[in-house]
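Dear colleague,

Please find the structure below, together with its sequence. A summary of the findings follows it.

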Amino acid sequence: MNTKQTTTQIDYRLARERMVANQLVRRGIKDKRVLEAMRSLPRDRFVEEALIGEAYNDHPLPIGFRQTISQPYMVALMTESLCLQGFERVLEIGTGSGYQTALLAKLAESVYTIERIPALLDKARVLLSSLGFTNIAYKAYDGTLGWPDRAPFEAVIVTAAGPSIPAPLLDQLADGGRLVMPVGSRDGQELVKIVRKGDEYIRHRMGGCRFVNLVGLHGWKE
Ligand code: SAH
């Protein structure tokens, strides 16, 4: 290993420590497993080369195709709300860069991730397998339909915003399962968490947010 590479790696570890302390712990993220996973996951690998210097900054970044990798705090908040213990099968809609996917794969048994833009999915798949992940299944499709033949899921996460929660995703949520998704207009949304208890869906509001559009049969029409 050359000196330059070693220096770079040390810098990112420090950047990750700072991100966790200043952006996550300070704002109330408590789940030890989430904090530990974000301390070790190389977010710099999930952003475009020209933006590597901003990988640990407190905001989303463009990933091409008019899409974004979410702000670290938003990733932590949504992940924490799923209360993952390690045995869950998780459905993720909106693979994007694959950063959120990787975090889920570290914290749960397996991840089923769906992305509507095939080029983004392919890029994420190559990166995630090069990082050694083997518990992720990928699909290029309209995620608002869910993944019926792999349901039920103990956790569902949607990282794009729609006008309402797609009915197929509620159907595919296991009893006792959690779903988190931004819901609202095209310009601004609220983060919503649903907990399923039998046929009852208990709704919690988690505050304002702004995501790219969920485009599909049960989302926005383009
Ligand atoms: N978690 C990702 C977020 C990417 S942005 C990250 O942090 O990198 C949201 C993603 O949702 C985009 O890549 C977009 O193409 C995708 N998306 C939007 N509508 C979708 C749908 N109906 N099915 C699957 N993916 C969708």
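Cysteine 209 has a relative accessible area of 12% and is therefore buried; here, buried means under 20% relative accessible area, exposed over 50%, and partly exposed in between (1.4 Å probe, protein chains only). Please note that this is a predicted model, in which local features need pLDDT of at least 70 and side-chain atom pairs count only at pLDDT 80 or more, while totals for chains, interfaces and linings use all residues. Residues are numbered from 1 along each chain as its sequence is written, and side-chain values use heavy atoms, with hydrogens and water left out.

Cysteines. The search of the whole structure returned 0 disulfides, a disulfide being a pair of cysteine sulfur atoms within 2.5 Å. For cysteine 83, the closest cysteine sulfur is that of cysteine 209, at 18 Å, which is too far for a bond. Cysteine 83 is partly exposed, at 37% relative accessibility. This residue follows H3 and has a positive phi, near 50°.

Helix H3 and serine 70. Helices (H or I, at least four residues) and strands (E, at least two) are DSSP runs, numbered from the N terminus. Because 10 of the 10 residues of H3 are buried, this helix is largely enclosed by the rest of the structure. Serine 70 is located in the loop between strand E2 (67–69) and helix H3 (72–81), and with 18% relative accessibility it counts as buried. Leaving aside residues up to four places away in sequence, serine 70 touches Arg43, Pro60, Val75 and Phe211, where contact means heavy atoms within 4.5 Å.

Salt bridges. The structure contains 9 salt bridges, each defined as a side-chain nitrogen of Lys or Arg within 4 Å of a carboxyl oxygen of Asp or Glu. Among them is the pair of glutamate 17 and arginine 39, whose closest N and O atoms are 3.5 Å apart. Glutamate 17 belongs to helix H1 (residues 3–25) and arginine 39 to helix H2 (residues 32–40), so this pair ties together parts that are 22 residues apart in sequence.

Arginine 116 is partly exposed, at 38%, whereas glutamate 222 is exposed, at 63%.

Yours sincerely
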